[in-house]
Structure formats: C-alpha cells, structure tokens
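I am opening a notebook on this structure and will write down what I look up, entry by entry.

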Amino acid sequence: MNIVVVKTLIHSVCLAWLGIEYYQAITDSGIADPVEQVIHFTGKGALNLVIFTLMLTPLARFFKTNKPILVRRLMGLYAFFYAALHLLSFFAFELAFNFNLLMQELVERPYIWVGAGAFIILFALAVTSFHKAKKLLKKRWQSVHNLIYLGVLLAWLHFFWSRKADLLEPGMYLAVILLLLALRWKKIARIFTLKNTK
Amino acid sequence: MKIRHSNRSQFKDSQITDESVYHNRRSFIKQLAVAGGVTLASQPAQASFLDWFTDGKNETSNNTKSRQLAELNYQKDSSELKRTPYDKVTQFNNFYEFGTSKTEPAEHASALQVNPWDLKISGLVDKPYQLGYEDLFSQFDLYERVYRLRCVEAWSMVVPWIGIPLAKVLERAQVQNRAKYVSFKTLYRPSEMRGQSSRFIGGNIDYPYREGLTIAEAMHPLTILAVGLYGKELPNQNGAPVRLIVPWKYGFKSIKSIVSIELTNHQPITTWNQLAPDEYGFYANVNPNVDHPRWSQASERVITTGGLFEQTRVPTQMFNGYGEQVANLYKNINLKTNY
C-alpha cells in the first residue's frame with residue numbers, strides 16, 4: 001500500500017474519532033457525562049497510540065520491511081497530541097480552569113505525578129522528533145527516545161491507578177505492554193548494562 | 001414588569017422543560033420521524049437536529065432495555081433545587097454489579113428480575129419481618145425527597161427520590177436497645193448481575209456489596225429507603241426495587257437493591273472500606289476538608305444538562321449541605337480520622 005494512503009488513513013482515523021467525541025461532548029448528545037467522556041477517551045487514546053507505536057518496530061522486523069517505521073513518528077506524535085488534549089481537558093473541563101486547584105492536585109497526588117511523568121517524556125520525544133533534532137542530538141537521540149519504554153509503563157501505572165478497583169482492562173494492557181518490551185529485551189538489557197558500567 | 005418574549009438565549013430547552021413535557025416532546029418528534037425525514041429537516045426551531053439525534057438514541061435504549069416503570073403515589077417535595085435531568089440520573093451510574101463504567105449499569109441492569117423481591121429486616125429486633133415487592137410501595141406512606149447526591153469521585157447530582165423514612169421501617173421491627181449499628185446487603189445473584197459472576201467485570205469486589213450506618217444515622221429523618229425517582233419506580237440501574245439514601249454521605253454509602261437490613265451491636269464490615277481502607281472510611285461523611293488520597297474533595301462538578309463548555313464546579317459543602325440537621329450526630333467524633 002502506498003505510504004501516503006496509509007498516512008492519510010492514520011490522520012483521518014485519529015482526527016475524525018477525536019472530532020466525533022468532542023462534538024458529542026460539546027453538544028451533550030448521547031453521553032451521560034461529557035467531561036468524563038473526553039478525559040477517558042483522550043487518555044486511553046494516548047495509551048493506545050503509544051502501544052501501537054511500539055508495535056511498529058517488531059512488525060517491521062518480523063516482516064522484514066521498513067514500511068511500519070515510516071509511520072512511527074506520525075503515530076508517536078498523535079500519542080503526544082492525545083495526551084496533550086487529555087491534560088488540557090482535565091484542566092479545562094474537570095477543574096473548570098481553576099489554576100490553584102490544578103497546582104494543588106499536581107503537588108499532592110502521586111497518581112498525577114506518574115501521569116505527568118509520562119507526559120513529560122512524550123513531550124520530550126515530540127520536540128526531538130524532527131530531523132534537525134536528530135542531527136543535533138546525534139547518538140544521544142536514540143537514548144532520549146529509549147525513554148518511551150519508561151513512558152509507556154508510567155502511562156499504564158497512571159491508568160491503573162485512576163481506576164477504583166477494576167482489573168481486567170489494565171491487566172490486558174499490562175500484558176500487551178510487557179510483551180512489547182519483552183520483544184526488545186536485548187536492547188533494554190543493554191540500556192541497563194550501559195548505565196551500570198558507567 | 002419587563003416582559004420578555006423569549007429567553008432562549010439564556011436557557012436550553014432541556015434546562016427549563018419539565019420532565020413530562022420533555023418526554024412528550026419525544027413522542028412528538030417520534031411521530032415526525034415516522035412522517036418522514038423531510039418533515040424533520042423543516043420543523044421549527046423548537047427542536048434542533050441535534051436534539052432529535054440525542055433523544056432518538058435515548059429512546060431506543062429505553063424501549064429495548066427497560067421494563068415498564070409504574071407511577072407512584074407520594075407526597076411531593078417543594079424543594080427548589082435544580083434537578084439533574086432524568087436521562088443523566090438514569091444513564092450515569094456506579095453499580096459495579098453490572099460493570100465498572102458509568103454506562104454499563106444502564107446497559108446491563110435489565111437482566112435483573114426485581115419482582116418477586118424479599119427484603120428481610122432482622123437481627124437485634126423483637127419482630128423481624130419481610131417486605132415483598134408490592135409491600136415496598138404499599139405498606140408505608142411514600143414521600144418525595146429532593147436531595148443532593150455527592151459522589152466520592154467529586155461529582156454531584158440533584159435527584160428527586162421517592163421513598164420511606166428508614167426509621168419507619170426499623171420501628172415496625174421494634175429495635176432492641178442493644179442494637180448500635182445497621183448492616184445492609186445487596187442482592188447476590190450472579191446469574192443476573194454480571195459483575196458478580198466475574199471479578200474482572202465487577203471490579204474485584206467481594207460480593208455481596210455491604211454497607212452500614214450507626215443506629216443514630218439510620219434513625220435520622222433525612223435517611224430514607226428509596227423506591228422511586230422522578231415520580232416512578234426506580235430503574236434497575238439506580239438500585240431497584242429498594243435502595244438506601246443518606247444524603248450527607250458519599251454516594252457509595254447509599255447501597256442499592258437491598259435484600260437484608262440487620263440490626264447489630266458491632267460496626268458492620270462495609271465493602272469499599274474493606275477494599276481500600278485508606279481511601280474509604282466507615283463514616284464517609286461529605287467533607288470538603290478531608291481529601292481523598294487521589295483527589296481533592298473541596299469542590300465538585302455538577303452533573304446537569306449542558307456540554308463541555310457549560311460545566312460548573314462548585315464548592316463542596318460540609319455534610320453535603322445538611323450540616324444543620326446532622327452535625328450534632330458527630331459532636332464527639334474526630335471527622336479527620338473517622339473519614
């Protein structure tokens with residue numbers, strides 16, 4: 001399939017879905033609580049997109065093609081975009097733009113620290129995702145982008161923690177994430193040994 | 001006096017329309033829909049395309065999922081609190097017996113058979129007795145109570161419940177002096193409550209759901225056993241056919257679909273307290289000064305009509321605004337440690 005077609009498809013799905021959810025929430029049509037709806041949708045969407053992004057490299061290896069790698073940055077950037085909307089929606093609609101309350105929540109809630117940690121990583125990866133940054137950072141670029149393995153675990157922990165008691169969904173997510181990390185066990189082991197020898 | 005021809009700029013239809021009209025409008029729109037799509041597109045500004053879209057969707061779910069809810073006879077409450085619309089009250093529920101998301105109860109609660117029902121009042125009483133399904137609506141006078149409902153998750157609603165003061169139900173059993181607490185249990189029927197048959201669906205809770213009150217809280221005139229809302233029987237997802245309402249406590253205390261009320265002399269085990277004692281206490285009084293470990297309880301988001309940009313967040317009141325009536329129950333209790 002043509003890469004342009006695939007990219008157009010990714011853009012369309014990511015944006016249209018977002019559009020529908022926000023449209024329904026803004027017009028209060030068909031969902032009980034529009035605020036919970038958009039916060040859950042963007043949060044879970046960001047986690048899903050990070051996981052999809054992490055699937056691309058193993059897929060490329062397995063099928064011995066570079067095609068999946070060509071959309072990796074795009075998917076990663078959409079993960080960041082969803083995460084940014086998640087944060088913004090929490091501040092705007094859940095906290096009603098109450099800045100003091102936001103600061104207080106940021107300081108006091110460990111489960112928000114974890115989410116914020118994941119977001120900072122996604123942010124760092126997004127701003128260094130361009131070719132110029134790649135050239136500028138040289139070898140360090142890869143180490144920066146290895147942070148995604150920590151990021152996905154933090155995002156999952158934030159998701160799990162936000163539930164009152166649910167097990168099934170976070171459990172399934174964790175299984176998939178651990179599988180994706182296991183597929184990279186050599187690389188991850190290398191990261192740790194490098195750190196230890198330094 | 002200034003007469004306004006229209007206040008449409010200030011309010012949405014659903015904010016100023018009472019429920020019966022609101023529902024009639026639906027059948028009106030439904031008739032139009034039968035007449036054909038062209039008519040719909042050309043109907044006056046009374047109902048926008050979007051309203052039609054929403055209502056149509058809700059109506060489908062009502063027709064296919066819910067049983068017929070009987071109208072009740074009751075004494076009205078004259079409260080002027082602005083009520084949360086019926087659709088929100090009945091489609092945004094925490095009832096883990098049917099799934100942990102807010103929408104699952106409305107989707108899956110129709111599996112529950114509420115008639116026949118058997119509510120036992122037992123324990124430290126002289127005359128234990130039982131109430132069947134019909135008894136719930138006929139043995140006691142029914143009163144409407146328009147109460148604020150504050151969820152521990154920091155959102156709130158205003159619901160016109162219809163129910164019986166719990167004290168009346170307890171008095172009939174002749175409570176013994178030794179009784180210090182009241183223990184409540186929800187129905188345990190995994191065949192009809194999908195969350196009870198799978199710990200994954202039901203949020204890993206040790207069912208049946210249990211709650212408890214001190215005898216003074218249970219006898220308080222604000223405490224009711226609700227059998228209806230908005231003039232009709234309770235929909236299943238709201239805890240049919242009979243549930244507790246304790247308006248000054250977080251919503252999880254107001255246990256649904258009750259089959260057992262037992263008077264005891266020791267503090268009963270309660271479900272959420274057992275599951276996460278650092279987050280959910282036995283008392284669970286609404287208290288803006290004691291935060292949940294994961295979020296602030298100082299303010300709450302009001303669930304009402306309106307989309308993303310019409311949200312309101314209001315300060316949470318001590319005892320959910322019922323302090324004048326109930327504060328004296330807790331004179332000698334440290335509410336910070338007994339949360």
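**Entry 1: chain B as a whole**

I began with chain B of this predicted model, and looked up how far apart in sequence its contacting residues lie: among contacts in chain B between residues at least 6 apart in sequence, 70% join residues at least 24 apart. I then looked up the secondary structure of chain B, which comes to 12 helices and 12 strands, and its burial, where 39% of the 339 residues count as buried.

**Entry 2: where the chains touch**

Next I turned to the contact between the chains, in which 26 residues of chain A are in contact with 29 residues of chain B. On the side of chain A that touches chain B, the elements giving two or more residues are helix 1 (3-27), helix 2 (34-63), helix 4 (72-94) and helix 5 (99-108) of chain A. Helix 2 of chain A gives the most to this side, with four residues. I also noted the make-up of the side of chain A that touches chain B, whose residues divide into 13 nonpolar, five polar and eight charged.

**Entry 3: helix 2 of chain A**

I checked the span of helix 2 of chain A: at 1.5 Å a residue its 30 residues should span 44 Å, and its end C-alpha atoms are 42 Å apart, which agrees. After helix 2 of chain A comes Lys64(A), whose phi is positive, near 50°.

**Entry 4: helices 6 and 9 of chain A**

For a pair of packed helices, I look up the angle between their axes and the distance between the axes. Helix 6 (residues 110-127) and helix 9 (residues 148-162) of chain A pack at an angle of about 150°, with their axes 8 Å apart. Because angles over 145 degrees count as roughly antiparallel, I recorded helix 6 of chain A as roughly antiparallel to helix 9 of chain A. Helix 6 of chain A passes helix 9 of chain A in a left-handed crossing. Among the residues that meet there are Tyr111(A), Gly117(A) and Leu125(A) in helix 6 of chain A, and Ile148(A), His158(A) and Trp161(A) in helix 9 of chain A. The residues of this contact divide into 12 nonpolar, five polar and no charged.

**Entry 5: Gly151(A)**

Last, I looked up Gly151(A) and Gly117(A), which are 34 residues apart in sequence and 7.3 Å apart in space, C-alpha to C-alpha.

Terms used. Residues are numbered from 1 along each chain as its sequence is written. Chains are lettered from A and ligands numbered from 1 in the order in which they are written. This is a predicted model: local features need pLDDT of at least 70, side-chain atom pairs count only at pLDDT 80 or more; totals for chains, interfaces and linings use all residues. Two residues are in contact if their C-beta atoms, placed from the backbone, lie within 7 Å. Ala, Val, Leu, Ile, Met, Phe, Trp, Tyr, Cys and Pro count as nonpolar, Asp, Glu, Lys and Arg as charged, and the others, Gly among them, as polar. The expected span of a helix is 1.5 Å times one less than its number of residues. Axes are lines fitted to C-alpha atoms, for helices over the stretch in contact, and angles run from 0 to 180 degrees between N-to-C directions. Angles under 35 degrees count as roughly parallel, over 145 as roughly antiparallel, 65 to 115 as roughly perpendicular and the rest as oblique. A crossing is left-handed if the near helix is turned anticlockwise from the far one by less than a right angle, and right-handed if clockwise. A residue is buried if 20 or more other C-beta atoms lie within 10 Å of its own, exposed if 12 or fewer, and partly exposed in between; C-beta atoms are placed from the backbone.
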